[in-house]
Structures are given as structure tokens and as C-alpha cells.
Amino acid sequence: HLTSILVEFGMRGVMLSIYCGAKYAINIVGTVGAYTFFTRWYAQYRITHIRERKDIEKKQELFLNETLMNYDSVKYFMNEKREQQKYDKYVNKYQEAWIKVQNSLGKLNNGQNVIFTVGLIANLMCAAWDCCHGIPTPGDFVMLQALFLQIS
């Protein structure tokens, strides 16, 4: 799977270098490199939040199972309210952890979008500048945009 991606990416880079110039291929390689680095780095950061959420979920399930197994004792000593408060604490912790995981996913997506958009804008600004000076045609400009958008 990785081989096919690298072959396709290499072919696009060569095609861009031949038809549009090396600066466009370098921009795309830089953008994809930054995108990959950021994604791997932030995914490692997210793992801590995901593990925290999983640990809280396990503790919550364990507490619930123990409470249900000891239902008679809880009922006998009239500790239902206390058990409910404990369980509510676990639920609140789980909700907070879930929110952290979702927020980190949103930040990951936003970071990826920013990196890709900056790379696209830089490529299109360069192409527009060259187009104004008659180097590529407007069709080349559109081709460059289409190739860059296909990477996403």
C-alpha cells in the first residue's frame, strides 16, 4: 500500500517538475512532509488523552460491576446515594476525558487543514505570479491546482 502511494507521489512530483517547474514540486513535497510530520507528532500527543479516557472507562465499568454484584450489601446499608455519587464522579471524569479527545481531534484536523491550505496558497500565488509574466498558461495554473487538490 505504501509503495503505491510513494510511486504515485513520485510520478506527480516528476510531472510537476517537467511541466511547471521544480519550485512547485518542492512546494508539494514540503507541504506533504510538514503535513506528515505534524500528523505523526500530534497523533502521539493524542494517544495520552485516548489512554486516559480508556482508563477512566475501565474504572467506571469496574465500579459499576462491583456495585451491581454487591447490590444486596449496598441496599442493606442504604448506600445507594453514596454509590450514585461515586458513579456520577466517574461519569463526569469520562465526559471530561471524552471532550479532551474530541478537542484534540479537532485541533489535529485544523492543523492539517492549515498546513495544506498554506501550501496550496503558496503554490497558487507562485503560479499566478508566473502566469502574469507569461511563463505558464492559465490551463497550467488549473492543472497545478487540480494536482495539488488531488493530494488531499
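In the classification used here, Ala, Val, Leu, Ile, Met, Phe, Trp, Tyr, Cys and Pro count as nonpolar, Asp, Glu, Lys and Arg as charged, and the others, Gly among them, as polar. The structure is a predicted model, in which local features need a pLDDT of at least 70 and side-chain atom pairs count only at pLDDT 80 or more, while totals for chains, interfaces and linings use all residues. Residues are numbered from 1 along each chain as its sequence is written, and side-chain values use heavy atoms, with hydrogens and water left out.

Helix α4 spans residues 80-132 and contains 53 residues (helices are DSSP runs of H or I with at least four residues, numbered from the N terminus). From its first C-alpha to its last, α4 reaches 76 Å, close to the expected 78 Å (1.5 Å times one less than the number of residues). Just after α4, Gly134 adopts a positive phi of about 80 degrees.

Although 65 residues separate Arg82 from Ser17 along the chain, their C-alpha atoms are 69 Å apart. Val118, also found in α4, has a relative accessible area of 53% and therefore counts as exposed. Val118 lies 87 residues from Thr31 in sequence, yet the C-alpha atoms of the two are separated by 8.2 Å.

The largest nonpolar core comprises twelve residues, including Leu16, Cys20, Tyr24, Phe116, Leu120 and Phe148 (a core is a set of buried Ala, Val, Leu, Ile, Met, Phe, Trp, Tyr and Cys residues joined through side-chain atoms within 4.5 Å). At least two residues of this core come from each of α2, α4 and α5 (138-151). The greatest contribution is that of α4, which provides four residues.

Six aromatic pairs are present in the structure (ring centres of Phe, Tyr and Trp, the last by its six-membered ring, lie within 6.5 Å; planes under 30 degrees apart are stacked, over 60 edge-to-face and the rest tilted). One of these pairs joins Phe38 and Trp41 in a tilted arrangement, at 6.2 Å centre to centre and with 45 degrees between the planes. Both residues belong to helix α2, where three residues, about one turn, separate them. Phe38 has a relative accessibility of 16% and so counts as buried. The pair formed by Tyr42 and Tyr45 is likewise tilted, because the ring centres are 5.1 Å apart and the planes stand at 50 degrees. Tyr42 and Tyr45 are three residues apart in α2, and therefore about one helical turn. An α-helix has 3.6 residues a turn, so residues three or four places apart point the same way. Tyr42 is buried, at 9% relative accessibility, whereas Tyr45 is partly exposed, at 40%.

A pocket is an open set of points on a 1 Å grid over the protein atoms alone, where a 1.4 Å probe fits, with protein on both sides within 12 Å along at least five of seven lines; lining residues have an atom within 4 Å of a point. Ten residues line the second largest pocket, and Leu64, Thr67, Leu68, Glu83 and Gln84 are the closest to its centre. Helices α2 (22-69), α3 (71-76) and α4 each contribute at least two lining residues. By class, this lining consists of six nonpolar, two polar and two charged residues.

Conventions: Buried < 20%, exposed > 50% of the residue type's maximum accessible area, 1.4 Å probe, protein only.
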